[in-house]
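User: I would like to learn how to read strand order, helix packing and salt bridges from a model. Can you take me through one, feature by feature?

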Amino acid sequence: MRWETHPLTSDRYDDLAKVVNPRRRAHRCRCLAGCPIFDETHDSWCETREQRLIRLSEQQPPAGVLVYRDGAAVGWCQVAARNWAWSTPIHPSGESGSLAQTRVWEISCIVVRPGIRRQGVTAHLIEGAVEYAASEGACAIESYPVNPRGRIDPQTASVGTKIMFDRTGFRVVGVTKMRVSRMSRLVMRRELS
C-alpha cells in the first residue's frame with residue numbers, strides 16, 4: 001500500500017467531502033466545531049454546512065490534512081495552531097502568551113472514511129498531522145481524546161481515543177473540563193522540538 005498525506009487545499013475539497021460526509025447529509029458534522037474562520041466576524045449561522053466546508057478548504061494556512069491510500073482519500077485530521085476559539089474551555093497544559101498560542105498546535109478532529117475503519121488509517125493521519133504542524137513551526141502538538149472502556153460510535157470517536165495517541169508518541173498531561181458522551185477528555189501532548 002502507498003500512503004500519502006497532504007494539507008487541505010481547495011482543489012482537495014471533494015476528497016474531504018468524500019471522507020467526512022460521503023452521502024452529503026445535511027445534518028452530519030463536517031469538522032466545523034471551533035473553526036477559527038467561523039467567529040463573530042462572519043455571519044456563519046446563515047451559511048449551509050456545505051458552504052462552511054468549502055470555506056474551510058480555502059483557509060490559509062490549511063486547517064488540516066488528508067491521508068490517501070493508493071491514491072484514494074481515506075481520512076481527515078483537523079489540526080491548527082491553538083489560537084482557535086474553541087480552545088478556551090479546554091484549559092491546555094500551562095503555556096501562556098501569544099507564542100504558545102501559535103507554536104502549540106491542536107488536533108481537534110479525526111475522521112476515517114466509512115468502510116475502511118480499523119485498518120491503520122489513524123496512525124497515518126496523526127503522523128501526517130504532526131509532520132504538517134512541525135513544518136509550520138509548531139513546537140508541540142496536543143489532542144483532547146477520550147479513554148473509552150469499549151467500542152464507541154464514530155461521532156464520539158472523532159475526538160480521538162487515548163490508545164490512538166499512545167501509539168503515536170503522545171503522553172497524557174492532564175484532564176480537561178470537557179466531556180463527550182459522559183467521558184472526560186484528556187490532554188495528550190507530543191513535543192516536536
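**Reading the features**

Analyst: Start with a helix: Lys-162 and Asp-166 both sit in helix α6 (residues 162–166), four residues apart, or about one turn of the helix. Keep in mind that this is a predicted model.

User: Why does a spacing of four places matter in a helix?

Analyst: An α-helix has 3.6 residues a turn, so residues three or four places apart point the same way. Here the side chains of Lys-162 and Asp-166 meet in a salt bridge, 2.8 Å from N to O.

User: How many salt bridges does a search of the whole structure find?

Analyst: The general idea comes first. Side chains of opposite charge can pair when their charged atoms come close. The search of the whole structure finds five salt bridges. One of them joins the side chains of Arg-2 and Glu-4, at 2.0 Å from N to O. Arg-2 is partly exposed, with a relative accessible area of 44%. Glu-4 is also partly exposed, at 28%.

User: Which residue forms a salt bridge with Glu-142?

Analyst: Arg-189 does, with the closest N and O atoms 2.7 Å apart. This pair links distant parts of the chain. Arg-189 is in strand β7 (residues 183–191), Glu-142 is in strand β5 (residues 140–143), and 47 residues separate them.

User: Are Arg-189 and Glu-142 buried or exposed?

Analyst: Arg-189 is buried, with a relative accessible area of 11%. Glu-142 is buried too, at 0% relative accessibility.

User: What is the order of the strands in the sheet?

Analyst: The order is β1-β2-β3-β4-β5-β7-β6. This is an open sheet of seven strands with mixed pairing. Its edge strands are β1 (3–7) and β6, each pairing on one side only. On average, neighbouring strands are turned by 25° against each other, direction ignored.

User: How many bridges join β6 to β7?

Analyst: Look at direction and at the turn. Strand β6 (residues 171–180) and β7 run antiparallel, joined by six bridges. They form a hairpin with two residues between them. In the turn, Ser-181 has a positive phi of about 50°. The bridge partner of Arg-179 is Ser-184 in β7. Arg-171 stands opposite Arg-189 in β7.

User: Which strands does α1 touch?

Analyst: For a helix on a sheet, read the contacts, then the angle. α1 packs on the sheet and touches β2 (64–69), β3 (72–81) and β4 (104–112). Its direction makes about 100° with that of β3. Helix α4 (residues 121–135) also packs on the sheet. α4 touches β1, β2, β3, β4, β5 and β7, and its direction makes about 150° with that of β4.

User: Why is α1 described as largely enclosed?

Analyst: Count its buried residues. Six of the eight residues of α1 (residues 13–20) are buried, so the helix is largely enclosed by the rest of the structure. The buried residues are Tyr-13, Asp-15, Leu-16, Ala-17, Val-19 and Val-20.

Note on methods:
Residues numbered from 1 in each chain as written. Predicted model: local features only at pLDDT ≥ 70, side-chain atom pairs only at ≥ 80, totals over all residues. Heavy atoms only, no water. Salt bridge = Lys/Arg side-chain N within 4 Å of Asp/Glu carboxyl O. Buried < 20%, exposed > 50% of the residue type's maximum accessible area, 1.4 Å probe, protein only. Pairing = 2+ DSSP bridges. Axes fitted to C-alpha atoms, helices over the stretch in contact; angles between N-to-C directions. Contact = heavy atoms within 4.5 Å.
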